[in-house]
Amino acid sequence: MFRFIVRRLLQMIVAFFGTTLIVYALMFAGQGDPIQALAGERPVTEAQRAYLTEKYHLDATGVGGFFYRYFDYLSNLLRGDLGESLTGRSIGDILAAAWPVTIKLALIAIAVAVIFGVTAGVLAGIRRASIFDNATLLLTLLVLGIPTIVLAPLAQYYLGVRWQLFPPTAGADPDFYALLLPGIVLGSLSLATALRLTRTSVAENLRADYVRTARSKGLPRRRVVSVHVLRNSLIPVITFLGVELGNLMSGAIITEGVFNIPGVGFNLFRGIRTEDGPLVVGIVSVLVVVYLVANLVVDILYAVLDPRIRYE
Amino acid sequence: MRVRRLAAWTALPLAVTLGLVACGSGGDGGSGESDPNAAVRIEIAEPQHLVPTDTNETSGSQVLSALFSPLVDYDEAHKPYEVAAESITSEDNTTWTVKLKDGYTFHNGEAVTADNYIDAWNYGAYAPNGQNSSFFFEKIAGYDDLQGENPSARTLSGLAKVDDLTFTVTLSQPYSEFKSMLGYTAFYPLPKAAFSAPGELTEEYEQAPIGQGPFKMKGTWQHDAKVEVERYEAYPGEQPKVAGVEFRIYQQLTAAYADVLSDNLDVIKTIPTENLSTAAVDLGDRFQQSPASALHFLSFPTFQEEFSDPDVRKAISMAIDRDEITTSIFKDSQQPARSFVSPVVAGYRENTIGAAGEFDPDRAKALYQAAGGPSKITLSYNGDGGHKDWIDATCNQLKANLGVDCVGNAEPKFADLLTKVKAKQPVGLFRLGWVMDYPSMENYLAPLFSSNGSSNYYGYRNAEFDRLLAEGISAPSEEEAIQKYQAAEDLLAEDLPVVPLRYGQNNFGHSTKVKNVEMDVFDRINLLQIEAVK
């Protein structure tokens, strides 16, 4: 197990540098005129242009310029310096401010998915073809069919503005209640997927040989379901949720925008819109780490859930 | 057995407990009740900077308008009057004497002196400081010496202190409306505390700017979240009617709009486009409009043979139904334009383009055919600015009314459009907009239409126009200057290098908890007028 973790950590380093290189290259290639993008449609003075060009080495172009800027970025990164955004703020500070709220939001979303999705999935799986099963099927199909970009404003308008059940936006320093609605919206898609996955998996395992054996041994039904069936059924769900956690932390661009939560997605969106290369690369680099760690944790959980899986 | 069973269950609720621990701050959170001394909450975007000479977008300048008091403000007729200045006078329009009012102090207790203005302006004009608004100082003598990578001077030779409350500004050439320039953000003073060494700003200053205005910072700038200010009791001018302002930072206007609807936010400065059609119903009389300085127009590449004939340009102008487009596409969030300057500047006259502004398809077609206009027209625009709808509508009108083929051509970003236009590539007609820096006709006419204007991308050259403009700039009085500008504008109407289409308009709204919400010419909420109710 220890060797497995070390090997994975070493792989993570390679993956990390590989992805930063690719992301940096993409931002570099796609960059038009970040100085003009920063100024909107206002004219940019020569002095300002010269100042920013020199500060961010924007005059280094072509393949040579790319590697010059990439290695410059990398050497700063290794010293723990993520650099400065084009508006002169330290990207480390931006991320430090953005992470806590994004993590809170992602955890609420995952909690919603686990509490409602997995529970309902287990129930639906046990009572296959019942009214409950069919009702959840219909509901999840509906949720899966509505993209967040529609769901979030609708939820905001009806639950926040019309019926005033939740605050319509969360803001920078939200309490749990303010984050609940965005968390539910964000988690609804994972909820639906987790529900479908759990249901299928539980339904399948209920028919497995070992369940029949357990039953015939005379084990109480509750124990059969909670230990034998659930444990085996959770493997695909855990995989899904692990990857989803990484997804939720990066992918809340729409939800964070609609509910005005200045998290990571919010900053990533701004970075892309203003062609702020350093900001985008900085955020994506950290996201890569989050993904890799989430995957590692999922892999380790496999071994815990299924002793047949050994990493050597 | 026991251990394994435990493990199976921990995997599942781990995330749940983590979630509860992380979020268990619980809370009060409600919007709270307000009283006459309450603070108001105003929507802004994350400011790019909060140093006066580095701030030229509306969010930053809105915050600074709370922290600083300008030398001049503008009255109903858009004429400047003194606020922090006692008087601003000049004999020859070249050397201006600025006398400051006594009694103004910075929020840290420092008395405001002439040095504070001189230091701040020098800092702003010095090119290596990379200040966004440095161009505001280009009329002051010695500005050129502060430019380039290694400027030969660190201070503007045109600024001189007379005594603690008086300084003189010498311009490199006479400018009759210099006083009108002084109302903008770039001309605020900076306290001694802002500088770590002469000409060097401390890093912390921007996080909690110290000004001499009606409000002082409450805490520091909380990036992406808010900037809070509270009333500065020692402010000698007109006191605000609220105890403080929270500038709340939004990335998406739709979120701010939802907050205004539910009284969770007091003022939204721009109603999002998708809500414009319902805003009047949603907000009733809390939905307000005021003229803004923006001018939107279509420019002709006058250097191209096919558009060199003014009659072709006039025919195109006459074939466009401005009123129809502003109503059906912009839902009256903008106003049709028939002049070359915005209604928010002194000297504005309605309908200066005359017949070219009247929608008359028959005459347009006849004129177009007589002048031999091209059979295919391209309208270029930047695809990132929401221009597609009106460009397509305009194209359809040109097709129908002139019998030409017309296509819209989207360049991905504004910068791409500018690059092509600057390189004089054949992009056909192209859209541009202009927002003024200071309220003067000159600020529209000079950069947009003079032969060496910084934003004259259409190659318009008219020696007579340049002469009238120069005469206006150095005219002995504002009134005479305006006369010259108006004469120059009349020449534009004859040549029509661009087709004025629409004036921008502020479309803003407020909650039920505030009243007297007004917007000034720089698209800022007037913080001295706004009041909290109940």
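Author: A crossing is left-handed if the near helix is turned anticlockwise from the far one by less than a right angle, and right-handed if clockwise. Residues are numbered from 1 along each chain as its sequence is written, with chains lettered from A and ligands numbered from 1 in the order in which they are written. This is a predicted model, in which local features need pLDDT of at least 70 and side-chain atom pairs count only at pLDDT 80 or more, while totals for chains, interfaces and linings use all residues.

Reader: Which hand does the crossing of α6(A) and α8(A) have?

Author: The crossing of α6(A) and α8(A) is left-handed. Helices here are DSSP runs of H or I of at least four residues, strands are runs of E of at least two, and both are numbered from the N terminus.

Reader: At what angle do the axes of α6(A) and α8(A) cross?

Author: Two packed helices are described by the angle between their axes and the distance between the axes. Axes are lines fitted to C-alpha atoms, for helices over the stretch in contact, with angles from 0 to 180 degrees between N-to-C directions. Helix α6 (residues 131-145) and helix α8 (residues 176-206) of chain A have axes that come within 9 Å and cross at roughly 140 degrees. That makes α6(A) oblique to α8(A); angles under 35 degrees count as roughly parallel, over 145 as roughly antiparallel, 65 to 115 as roughly perpendicular and the rest as oblique.

Reader: Which residues of α6(A) and α8(A) meet?

Author: From α6(A), A:T136, A:T140, A:V143 and A:L144 meet A:S188, A:L189, A:A192, A:L195 and A:R196 of α8(A). By class, this contact of α6(A) with α8(A) has five nonpolar, three polar and one charged residues. Two residues are in contact if their C-beta atoms, placed from the backbone, lie within 7 Å. Ala, Val, Leu, Ile, Met, Phe, Trp, Tyr, Cys and Pro count as nonpolar, Asp, Glu, Lys and Arg as charged, and the others, Gly among them, as polar.

Reader: How do α5(A) and α8(A) cross?

Author: The axes of α5(A) and α8(A) come within 6 Å and cross at roughly 30 degrees, and these two helices are therefore roughly parallel to each other. Their crossing is right-handed. The contact of α5(A) with α8(A) divides into 24 nonpolar, seven polar and two charged residues.

Reader: How many helices and strands are in chain A?

Author: Chain A has 13 helices and zero strands. Its C-alpha trace spans about 85 × 55 × 30 Å along the principal axes. Of the 312 residues of chain A, 42% count as buried. A residue is buried if 20 or more other C-beta atoms lie within 10 Å of its own, exposed if 12 or fewer, and partly exposed in between. Among the contacts in chain A with a separation of 6 or more, 74% are between residues 24 or more positions apart.

Reader: What does the domain assignment of chain A give?

Author: Domain bounds come from an automatic or database domain assignment. For chain A this gives domain 1 (2-78) and domain 2 (98-305), with 32 Å between their centres, taken over C-alpha atoms. The contact takes 16 residues from domain 1 of chain A and twelve residues from domain 2 of chain A. On the domain 1 side, α1 (2-30) and α2 (34-39) of chain A each supply at least two residues; α1(A) gives the most, with ten residues. By class, that side of domain 1 has eleven nonpolar, four polar and one charged residues.

Reader: How many residues of chain A are in contact with chain B?

Author: 57 residues of chain A are in contact with 50 residues of chain B. Helix α5 (residues 91-126) of chain A gives the most to the chain A side, with ten residues. That side has 36 nonpolar, twelve polar and nine charged residues.

Reader: Is helix α13 of chain B enclosed by the rest of the structure, or is it open?

Author: Seven of the eight residues of helix α13 (residues 442-449) of chain B are buried, so this helix is largely enclosed by the rest of the structure. The buried residues are B:E442, B:N443, B:Y444, B:L445, B:A446, B:L448 and B:F449. They pack against β14 (287-299), β18 (429-434), α14 (463-473) and α15 (478-495) of chain B.
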